[in-house]
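My notes follow the order in which I looked things up.

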Amino acid sequence: MDSKIIYFDHAATTPVKPEVLEEMMPYFTRKFGNASSIYSIGRESKKAVEEAREKVAKTLGALTREIFFTGSGSEADNWAIKGVAYSNREKGNHIITTAIEHHAVLHTCQYLESDGFEVTYLPVDENGLVSSEQVRNAIKSNTILISIMFANNEIGTIQPIAEIGKIAKERNIYFHTDAVQAIGSIPINVNELNVDLLSLSSHKFYGPKGVGALYIRKGVKITNFLHGGAQERGRRASTENVAGIVGLGKAIELATQNLEQYNNKLVALRDRTIEEITKKIPFIKLNGDRYKRLPGNVNFSFEFIEGESLLLMLDMKGIAASSGSACTSGSLDPSHVLLAIGLPHEIAHGSLRITFGDENTQEDVDYLLEVLPLIVERLREMSPLYEKVKRGN
């Protein structure tokens with residue numbers, strides 16, 4: 001078993017599905033034309049891009065012309081927030097978001113603060129939830145944008161997006177959601193949810209890295225993020241990543257097929273893992289709401305150990321997992337999400353995120369449940385604080 005890599009980090013990235021890669025391959029070689037060119041192989045590429053756009057639009061319940069391809073989910077977040085902020089500055093300068101957003105949102109908002117914008121960072125409860133009432137109460141006369149993630153990338157908590165969207169619509173305020181972790185796990189219809197802008201990223205649902213998309217509702221006033229060309233109907237300059245876009249289109253199409261069956265499988269893996277870890281290992285805390293969470297997300301904090309050591313020892317046993325967001329894995333600081341839900345620094349440092357995917361099995365979970373308690377106990381034996389607890393001091 002040790003020689004096999006068991007991958008439990010699908011929130012960080014997913015493998016490209018064979019069907020997706022097969023669809024992409026011709027656009028690296030035979031169908032290599034620039035989608036902005038008018039000759040036949042250029043037109044062929046353009047047609048492929050538009051077919052992918054239709055697939056994304058169908059998934060979201062959007063119009064085809066409301067989908068714009070980007071280089072990543074982070075770019076989509078940046079475009080949505082900066083684009084709306086600068087384009088609507090005459091109406092106001094206030095933005096509402098939460099303390100547990102992805103850094104693509106938080107750092108963008110912090111940048112805007114340095115340029116004269118006012119940002120309200122709503123706190124969350126111990127499960128990572130923000131309430132619609134909090135949002136309603138935070139609205140001011142100069143509020144121009146609400147940006148709240150659909151589901152958290154670390155603890156999996158799913159926010160009340162429909163309720164918040166209703167409030168935003170009533171108050172005539174643009175509403176953006178970072179749905180990077182939600183696409184492929186939760187059915188999403190932008191009209192039912194009253195979402196005006198939505199960010200997604202291909203590599204989170206078995207598509208290629210380096211390509212994402214931004215949904216922009218027709219009529220939203222937003223400036224361009226990239227300048228220099230007429231691509232994406234003049235809204236986003238840069239030669240189209242045709243192969244990547246084709247892969248995104250195929251991946252999102254596959255992600256919507258048998259979604260309920262797929263989610264049922266992940267929920268079964270998730271719930272068994274949560275229940276068994278809770279039984280087998282003392283001095284732990286489940287992070288995130290027990291039920292209002294992504295189907296494949298498990299996040300625990302373990303007292304008296306350090307998360308990096310836990311990950312390294314799991315890796316030695318052939319298990320790939322995470323202690324938080326892949327975007328901040330090089331940081332020595334504890335997760336801002338775990339701190340926001342009230343964990344002290346020393347416990348936030350001892351977190352483990354397990355995120356399941358298509359290829360995971362009950363046998364994989366069996367192996368995790370076999371080795372994890374032993375690793376945790378071994379690491380705790382090195383802790384003088386744990387020794388005191390064992391002695392009852």
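Below are my entries, from the whole chain down to single residues.

**Entry 1: the whole chain**

I noted first that this is a predicted model. I counted 15 helices and 12 strands in the chain. Along its principal axes, the C-alpha trace spans about 75 × 55 × 35 Å. Buried residues come to 57% of the 393. I also looked at contacts with a separation of 6 or more, and 74% of them join residues 24 or more positions apart.

**Entry 2: α3 against α4**

Next I wanted a helix pair. Two packed helices are described by the angle between their axes and the distance between the axes, and I looked up both. Helix α3 covers residues 73-87 and helix α4 covers residues 103-113; their axes come within 9 Å and cross at roughly 30°. Angles under 35 degrees count as roughly parallel, so α3 is roughly parallel to α4. The crossing of α3 and α4 is right-handed.

Which residues make the contact? From α3 I listed S74, D77, N78, I81, K82, A85 and Y86, and from α4 A104, V105, T108, C109, Y111 and L112. Sorted by class, the residues of this α3 and α4 contact are eight nonpolar, three polar and two charged.

I stayed with α4 and asked which of its residues are buried. I found A104, V105, L106, T108, C109 and L112 buried there. The cover over the buried residues of α4 includes α3, but also the strands β3 (94-98), β4 (118-122), β5 (143-147) and β6 (174-178), and helix α12 (336-340).

**Entry 3: α10 against α14**

Helix α10 (residues 259-280) packs on α14 at an angle of about 20°, with the axes 11 Å apart. That angle makes α10 roughly parallel to α14. This crossing of α10 and α14 is right-handed.

On the α10 side I wrote down A268, L269, R272, T273, E276, I277 and K280, and these meet Q362, V365, D366, L368, L369, L372 and P373 in α14. By class, the contact of α10 with α14 has eight nonpolar, two polar and four charged residues.

I looked at D364, which is in helix α14 (residues 362-380). Is D364 buried or exposed? Its relative accessible area is 3%, and the cut-off for buried is under 20%, so D364 is buried. Leaving out neighbours within four places in sequence, I found D364 in contact with K4, I6, F8 and E359.

At 4% relative accessibility, I375 counts as buried. Not counting residues up to four places away in sequence, I375 touches L310, M313, L314 and K317. I also took a distance from I375 to V267: the two are 108 residues apart in sequence and 25 Å apart in space, C-alpha to C-alpha.

K46 is found in helix α2 (residues 40-60). With 34% relative accessibility, K46 counts as partly exposed. How far apart are K46 and V242 in space? I got 8.0 Å, C-alpha to C-alpha, for a pair that is 196 residues apart in sequence.

**Entry 4: positive phi**

Last, I went through backbone angles.

N194 has a phi near 60°, a positive value in a residue other than glycine. I placed N194 in the loop between α7 (190-193) and β7 (197-201). Its relative accessibility is 18%, so N194 counts as buried.

F283 has a phi near 55°, again positive and not in a glycine. The loop that holds F283 runs between α10 and β9 (284-286). F283 is at 35% relative accessibility, so it counts as partly exposed.

Notes
Residues numbered from 1 in each chain as written. Predicted model: local features only at pLDDT ≥ 70, side-chain atom pairs only at ≥ 80, totals over all residues. Heavy atoms only, no water. Axes fitted to C-alpha atoms, helices over the stretch in contact; angles between N-to-C directions. Helix = DSSP H or I, 4+ residues; strand = E, 2+ residues; numbered from the N terminus. Parallel < 35°, antiparallel > 145°, perpendicular 65-115°, else oblique. Left-handed = near helix turned anticlockwise from the far one by under 90°. Contact = heavy atoms within 4.5 Å. Nonpolar A, V, L, I, M, F, W, Y, C, P; charged D, E, K, R; others polar. Buried < 20%, exposed > 50% of the residue type's maximum accessible area, 1.4 Å probe, protein only.
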